[in-house]
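Hi everyone, thanks for making time for this. I'd like to walk you through one model today, so let me put it on the screen.

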Amino acid sequence: MQILVTFKNVDPSDYLKTYLDEKLQRLDKMIPHSAMADVVFQEEKLRKIVDVNLNGKGFNVHATEESAAWNEAIDLVVDKVKKQLVKSKEKIQSHRLQA
């Protein structure tokens, strides 16, 4: 999985990149083909916002989460992406069974 990270109003941090990479690599086994993840870290006042767009062959997943801490926001957004991937996979399998 290729990951493109963008920082808006945030100082670029290697820690955030490696933490995010570690979390997203766990989802890599759920994706049958290669995928591209666009991640935006954004800070507005006291809110930390993480926005993820995951594009691959046959699926598009978008999730946004905000929190007071970066780690918490990353964890929450990765959970959202995981739920959407599972739902998409189940939907595809149910269509194959019906046909």
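A word on the ground rules. This is a predicted model, so local features need pLDDT of at least 70 and side-chain atom pairs count only at pLDDT 80 or more, while totals for chains, interfaces and linings use all residues. Residues are numbered from 1 along each chain as its sequence is written, and side-chain values use heavy atoms, with hydrogens and water left out.

Now the layout. The chain holds two helices and four strands, in the order β-α-β-β-β-α from the N terminus. Those elements are DSSP runs numbered from the N terminus: helices are H or I with at least four residues, strands are E with at least two. Along the principal axes, the C-alpha atoms fill a box of roughly 50 × 20 × 15 Å. Of the 99 residues, 31% count as buried; buried means under 20% relative accessible area, exposed over 50%, and partly exposed in between, with a 1.4 Å probe and protein chains only.

On to the strands, where pairing requires at least two DSSP bridges. Strand E1 (residues 2-8) pairs with strand E2 (residues 35-44) in the parallel sense, over seven bridges, and Lys 8 stands opposite Gln 42 in E2. E2 and E3 run antiparallel and are joined by ten bridges. They form a hairpin with two residues between them, and Lys 45 in the turn has a positive phi of about 55°.

Lys 48 sits in strand E3 (residues 47-56), and Lys 48 is the bridge partner of Glu 43. The side chains of these two also make a polar contact at 3.0 Å. For that term, we need a pair of N or O atoms within 3.5 Å; within protein, one must be able to donate a hydrogen and the other to accept it, and residues adjacent in sequence count only if both atoms are side-chain atoms. Leaving aside neighbours within four places in sequence, Lys 48 is in contact with residues including Glu 65, Glu 66 and Trp 70, where contact means heavy atoms within 4.5 Å.

What about the core? The largest nonpolar core has 25 residues, and those with the most contacts inside it are Phe 41, Val 50, Leu 54, Ile 74, Val 81 and Leu 85. Such a core is a set of buried Ala, Val, Leu, Ile, Met, Phe, Trp, Tyr and Cys residues joined through side-chain atoms within 4.5 Å. H1, E2, E3, strand E4 (59-67) and helix H2 (70-98) each supply at least two residues of this core, and H2 gives the most, with seven.

The buried residues of H2 include Trp 70, Ala 73, Val 77 and Val 81, and what covers the buried residues of H2 includes H1, E2, E3 and E4.

My last stop is Val 52, which also lies in strand E3. Val 52 counts as buried because its relative accessibility is 1%. Beyond its neighbours within four places in sequence, Val 52 is in contact with residues including Asp 38, Val 61, Val 77 and Val 81. Val 52 and Thr 64 are twelve residues apart in sequence, yet 6.3 Å apart in space, C-alpha to C-alpha.
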